[in-house]
Amino acid sequence: MDQVMQTIIIGLAEGLIFALVALGYTLVYGIIELINFAHGDVFMIGSLIAFFILAPSQAAGGLGIFPITAKTPVPLMIGEILVTLAIVISITALLNVAIERLAYRPLRHAPKVAPLITAIAMSFVLQNVGIIFAGSVQRTTESIFPTTNLLAGVGITGFEITLSQVFVAVVTIPLLVGLTWFVAKTRQGKAMRATAQDPDAAGLMGVDINRTIAITFLIGGALAGAAGVVQILYNNVTVWNLGFRFGLNSFTAAVLGGIGNLPGAVLGALLLGQINAFSDRFIAPAWTNAIVFGVLIAILVFRPKGLLGQQLADRA
Amino acid sequence: MSQLAESVDTSVPTVGTGFSGWLGHIGQVLSELPEGYRGRLRRKRRQTIIVTILALLGLTYPVIHQYFLAGFSRNVFPLPLPDDTVMTFMMIFSIMAVGLNIVAGFAGLLDLGYVAFYAIGAYVAAFLASPHWAAFGINIQFLSLHGAGQSGIHLPFWIVVPIAVIVVATFGALLGAPTLRLRGDYLAIVTLGFGEIVPLVFKNLSNVTWSMALGPINIHLVGANLTGGVQGINPVDAPFLPILNVVFDARAGFLPVYLGIILMLLAVLVARNLQYSRIGRAWIAIREDETAAEMMGVNTVRTKLLAFALGASFAGVAGALQASYLGATTSDFFDFNISILVLIMIILGGIGNIWGVVVGALTLQYVDRTFLPYLSQQIQSINPALPNLAQYNFLIFGIILLFMMRFRPQGFIPSRQREAELSVIGLSAAEAEMGIPIDEETGQPIDVDNIELAPPGQDETGPDSRAPEVPGEGRDQ
């Protein structure tokens, strides 16, 4: 039982990171029906930039800008993480907008598979950018969080929650809530929903389609960047092809929840986190990817609108 | 478009059933070759002469290479010449390109997991012609003089290939069956998933993983190391021709290249026959408009299944050839990159055009295996600190793919019909929105209302084949 609880907690933390990336997929698919294959690689770029900023020293391969270690004073550490988040989010958000502007927008009226193939090509380009800057080896940082069990304080033993897992929740949950609020309540969010429903009609009603799509990519890129920072601080490892595995997990999450559906993407990501954690723990890590792909295929074949239903079911 | 359809109709060859039908058909094709060649020479004299010279050069090159160029061919400035291994891989990938072209080009089903069938083909060859099963006490030898006296299963290559085709076609149909309802991008993702799972299964079905999962059970008794795991299966028997007593392995010089050329030409012949047959026209019909095709009586389920199965079977041949030629197979070779590489080949060459995709495959394999290593060697001999371009081959291919999709989605040797469909992609977004097509040659807007139609039956690409498609139509496919 303790093992199961522990696995659930590990899966929860991973699922929250998936959620940030999955939202990027679901937002973009919702609005232009494109499986943005390069999205996972934008996340990877984010985690690499975070690595370069935060790696403890130049010897470890970083730039030594904010070399944080477990010994860094906590207020300084928080400040440095916040600044890193701001830098990485800005870069990945602008990168995502640039990708949309240069690669996808010219193909907006082409047959559907043309932008998909372009997105795959963009994914390859970004992976190689990763290799150029960070090499083809794994880059690791040291863990900055103490490994003490926070549950010991309330008298629970057998399984544990560590500060690193709390950190993941503290960063991701406000972002998820904020995004939901943005799409549901703001004027720009309304424009996004209108464009997702019917771009032509939205355009006729005065919505600037290009701007709305650009903002969608901006938000998606920002969330991917945040996920990248969280990933490097939580798992302490990044590599050029991290985006492929992570991206497909997150895309599977988005499909599982019902692509185009924001709460669905979060729900799907949390489930995917559990599937990953349970497979790693109780089957074998070597099979986890195959299981995730199996889930993806099963959903697409048997329930393509996902668990919570698709907002755009008729157009998929 | 109707004009195109008619010209396709008239050239349907009579395809007999069964093996004798095929043999007869090959004879028919060969007997019609001189007549067809003369006709082509009359119509497109210059193009035909150039293609003939290139084909003759290509067919004699492996011999010339071995006797006159070996040793320094890789260092010819500025274009290094491919060696036997590279040429064999050029043929292997040509076969795959022809196969993927059936699925993605003719039937319009984007398959991002084509590597799965390549892997299955390779493993079928490895299972049926290697000492692998000796560990399980299974020893079968059948007509295989090459593997004589060895333990394990040893079937000759000429029997392995048809078996690989059948097995891979079965897997193609198995993948196709549940995905028939899916369209476009979802289908692409399902095939991608399949393409990832298959090599993982080959990698993981080894004793290490199983002993972890099953605890202290005697793995040989449950037959756990089915696939050789990470090491793969090694050695695999090379193709062997008893009559001439020749072995087509990596040490046999130009021989495996010609084996590859023969299999590639067979693949092209089969693909051409399929293209002009009833099923080929049905593929193109469902690609154009599935609903309309169904209304016209095309059985879309059967048609798509056949596209998947037949398209996949080519990769089975390619995989079997690769494993037999290299004498080994490992799961690491079959990753997602290969699927995309073949996709880039057919897009570069001209999706839907058989010879176009062959040229695309030959070119990309040459660039990947000979030109880029040579170029980076030259660059690094100037300064070792300069980047190793061969390491960034997929960066270069990714950029090529980006530019192809943006500026020339129909490829360099386009299929006329595909060109007509895709022409709208070549427009900038603003142009496409306004619906003004641009003449690719002159750069001037085409006056849609006053297009001169080519006289019926004329073989050249008439202006009508570039007729504008209604912008935005692609969204609703």
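**Chain B and its contact with chain A**

Student: Quick one on the contact. How many residue pairs are in polar contact between chain B and chain A?

Tutor: Two, both at pLDDT 80 or more. Keep in mind that this is a predicted model.

Student: Which elements of chain B give two or more residues to the side that touches chain A?

Tutor: Four helices of chain B do: α7 (184–204), α14 (336–349), α16 (393–407) and α18 (429–434).

Student: And which of them gives the most?

Tutor: That is α7(B), with 14 residues.

Student: What is that side of chain B made of: nonpolar, polar or charged residues?

Tutor: It divides into 30 nonpolar, ten polar and six charged residues.

Student: How many salt bridges between chain B and chain A?

Tutor: The count is zero.

Student: OK, what about area? How much is buried between the two chains?

Tutor: About 4,400 Å². Carbon and sulfur atoms give 75% of that.

Student: How many residues does each chain bring to the contact?

Tutor: Chain A brings 47 residues and chain B brings 46.

Student: Switching to chain B by itself. How many helices and strands?

Tutor: Chain B has 18 helices and five strands.

Student: What share of chain B is buried?

Tutor: Of its 477 residues, 49% are buried.

Student: And the accessible surface, how much is there?

Tutor: For chain B, about 22,100 Å². Carbon and sulfur atoms account for 64% of that surface.

Student: What about contacts between residues at least 6 apart in sequence? How many of those join residues at least 24 apart?

Tutor: In chain B, 70% of them do.

Student: Now single residues. Where is B:S331?

Tutor: B:S331 is in the loop between α13 (300–326) and α14 of chain B.

Student: Buried or exposed?

Tutor: Buried, because its relative accessibility is 5%, and the cut-off for buried is under 20%.

Student: Which residues does B:S331 touch?

Tutor: Leaving out residues up to four places away in sequence, B:S331 touches B:Y123, B:P199, B:F202, B:K203 and B:G229.

Student: Last one, B:R416. Which helix is that in?

Tutor: B:R416 is in α17 of chain B, which covers residues 416–422.

Student: Why does B:R416 count as partly exposed?

Tutor: Because its relative accessibility is 32%.

Student: How far is B:R416 from B:N101, in sequence and in space?

Tutor: B:R416 and B:N101 are 315 residues apart in sequence. In space they are 15 Å apart, C-alpha to C-alpha.

Definitions and conventions: Residues numbered from 1 in each chain as written. Chains lettered and ligands numbered in written order. Predicted model: local features only at pLDDT ≥ 70, side-chain atom pairs only at ≥ 80, totals over all residues. Heavy atoms only, no water. Contact = heavy atoms within 4.5 Å. Buried area = accessible area lost by both parts, 1.4 Å probe. Salt bridge = Lys/Arg side-chain N within 4 Å of Asp/Glu carboxyl O. Polar contact = N/O pair within 3.5 Å; in protein donor to acceptor, adjacent residues only side chain to side chain. Nonpolar A, V, L, I, M, F, W, Y, C, P; charged D, E, K, R; others polar. Buried < 20%, exposed > 50% of the residue type's maximum accessible area, 1.4 Å probe, protein only. Areas by Shrake-Rupley, 256 points an atom, 1.4 Å probe, with all protein chains shown as cover.
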